[in-house]
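Please look over the sequence and the structure before reading on.

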Amino acid sequence: MRHRIAVVGGGLAGLTFARVLHRHGHPVTVLERDPAPDARPPGGTLDLHEGMGRLALAKAGLLAEFQELSRPEGQAMRILDTDGTVLRDWRPRPDEVANPEIDRGQLRDLLLGPLEVRWGHGVTEVAPGTRDGVPVRFADGRQETFDLVIGADGARSRVRPALSPATPHYTGVTLVETSLDDVDTRHPDLARLVGDGSVAAYGVNRALVAQRNSGGHVKVYAQFRAPLDWHTNPDRHLGLRTDTSTGTGLGADTDADAGLGAGLDLADAEAVRSSLLALFDGWAAPLLDLLRHGTAFAHRPLHVLPVSHTWAHVPGVTLLGDAAHLMPPLGVGANLAMLDGAELAESVAASTPGGLDEAVRAFEERMWARAGRWAEITTAGLERLVSPDPAEALALFDEVQPS
Ligand SMILES: Cc1cc2nc3c(=O)[nH]c(=O)nc-3n(C[C@H](O)[C@H](O)[C@H](O)COP(=O)(O)OP(=O)(O)OC[C@H]3O[C@@H](n4cnc5c(N)ncnc54)[C@H](O)[C@@H]3O)c2cc1C
């Protein structure tokens with residue numbers, strides 16, 4: 001008898017799992033909370049690494065189609081000082097294909113292909129397994145039972161509590177995202193600033209990053225260290241100004257940025273824009289123009305799971321991607337999510353009729369070891385990228401960028 005397998009979440013982890021399993025001729029039920037594929041903006045551009053996201057696509061038989069869609073030139077990266085001086089201007093050689101970029105929406109559509117997703121199926125809970133299997137409960141009160149339930153439902157996973165009491169905690173860094181459309185026509189100066197790939201500037205405890213997506217769309221990320229309640233608490237001092245006496249920028253000159261976000265309505269785009277312009281006051285005009293011309297603003301405090309998050313194995317339930325190992329967004333989360341999905345699908349497809357649980361257990365050990373290493377790297381990376389000493393960000397770039 002074929003195993004009844006459900007994956008909760010139709011993000012990159014869940015879809016890669018389902019697509020690879022589908023390639024092996026095994027049926028899988030994909031349960032996704034969103035009512036339709038286009039219910040939300042799909043998010044920004046992703047670079048897929050060899051041996052990670054691209055290996056997963058190879059396992060799904062989708063590498064050639066990915067190469068058609070991807071943008072190797074999108075690997076270009078420019079770093080500016082906050083006064084606009086160009087500090088680094090790295091462009092890939094024509095044969096440099098280490099980390100080609102693809103729009104997240106294009107990648108999702110590629111993975112979706114022939115899969116049948118049950119849209120609008122938000123899972124509320126996974127109940128303890130019985131002899132009949134593992135019951136999955138839905139928001140409308142219904143319940144369905146499977147032999148294996150895979151939680152690929154992201155940061156706020158509803159499957160995770162069936163395995164682990166861990167919940168994500170705030171990193172101390174908040175990201176506010178905005179975007180510009182038709183940049184080549186409407187903002188040609190900014191189009192040149194961003195180039196084919198990304199531009200970034202690092203200041204004291206804050207950074208501005210802009211990334212080109214396809215079709216002249218640019219995503220802009222303002223990042224800064226701040227308490228979680230920075231936008232509501234009038235007594236908050238963000239400590240973003242440089243302390244000229246110590247050069248640390250921490251704890252000093254706090255009156256200068258006290259209450260910048262106090263009483264801020266995050267749904268009020270003009271109010272958020274003004275707050276961000278105040279936070280980045282003194283930076284070069286072209287960098288501030290990225291904020292001046294941005295459209296809507298999305299507030300994303302960065303949360304993470306504990307580094308090396310593991311759990312005692314529970315037959316019939318497991319986790320993939322952010323649900324298992326949410327970490328700072330430093331270019332690997334989606335890659336790991338896809339690799340998790342592809343590897344688990346291959347393990348499940350290769351398992352003997354009585355060996356499904358052993359296959360899942362072995363996969364978990366592999367995933368934990370790999371994710372633990374990356375969680376350490378990305379946690380240390382975030383400390384350096386949004387840091388009291390902007391030279392740290394430049395040093396990190398020089399360490400990781402191919403020469
Ligand atoms: C600003 C930013 C930039 C990033 N850039 C990169 C990058 O360049 N490279 C990279 O590798 N990573 C990047 N990441 C990380 C990457 O986005 C995540 O690691 C990746 O999306 C994780 O995929 P996932 O499938 O595990 O989770 P998700 O992408 O979060 O997908 C989870 C899915 O589950 C669904 N879902 C949630 N709850 C339920 C429920 N209860 N029932 C049913 N369905 C549910 C959601 O609707 C969603 O479709 C970035 C992250 C951020 C925030």
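Why do helix 11 and helix 12 count as oblique to each other? Helix 11 and helix 12 (residues 391–400) pack at an angle of about 135 degrees, and they are therefore oblique to each other. The model is predicted, so local features need pLDDT of at least 70 and side-chain atom pairs count only at pLDDT 80 or more, while totals for chains, interfaces and linings use all residues. Residues are numbered from 1 along each chain as its sequence is written, and side-chain values use heavy atoms, with hydrogens and water left out.

**Terms for helix packing**

- Helices are DSSP runs (H or I, at least four residues), numbered from the N terminus.
- Axes are lines fitted to C-alpha atoms over the stretch in contact, and angles run from 0 to 180 degrees between N-to-C directions.
- Angles under 35 degrees count as roughly parallel, over 145 as roughly antiparallel, 65 to 115 as roughly perpendicular and the rest as oblique.

**Helix 11 and helix 12**

- The axes of helix 11 and helix 12 lie 7 Å apart.
- Gly381, Arg384 and Leu385 of helix 11 are in contact (heavy atoms within 4.5 Å) with Glu392, Ala393, Ala395, Leu396 and Glu399 of helix 12.
- The residues of this contact divide into 4 nonpolar, 1 polar and 3 charged; Ala, Val, Leu, Ile, Met, Phe, Trp, Tyr, Cys and Pro count as nonpolar, Asp, Glu, Lys and Arg as charged, and the others, Gly among them, as polar.

**Helix 10 and helix 11**

- The axes of helix 10 and helix 11 come within 9 Å and cross at roughly 160 degrees.
- Helix 10 and helix 11 are therefore roughly antiparallel to each other.
- On the helix 10 side, the contact includes Leu336, Asp340 and Glu343; on the helix 11 side, it includes Phe363, Arg366 and Trp374.
- By class, the contact of helix 10 with helix 11 has 10 nonpolar, 1 polar and 4 charged residues.

**Helix 1 and helix 10**

- Helix 1 (residues 12–23) and helix 10 (residues 333–350) have axes that come within 7 Å and cross at roughly 30 degrees.
- That makes helix 1 roughly parallel to helix 10.
- Among the residues that meet are Leu12, Thr16 and Phe17 in helix 1 and Met338, Gly341 and Glu346 in helix 10.
- The contact of helix 1 with helix 10 has 13 nonpolar, 2 polar and 1 charged residues.

**Cavity**

- The structure holds 1 cavity of 30 Å³ or more; a cavity is a set of points on a 1 Å grid over the protein atoms alone where a 1.4 Å probe fits but cannot get out, and lining residues have an atom within 4 Å of a point.
- The largest cavity has a volume of about 70 Å³, a volume being the space filled by probe spheres set on the points.
- Its lining includes Leu305, His309, Trp368 and Ala375.
- Helix 9 (321–325) and helix 11 (356–385) each supply at least two residues of this lining, and helix 11 gives the largest share, 4 residues.
- The lining of the largest cavity has 8 nonpolar, 4 polar and no charged residues.

Conventions. 1 Å grid on protein atoms, 1.4 Å probe; cavity = no way out; pocket = protein on both sides within 12 Å on 5 of 7 lines; lining within 4 Å.
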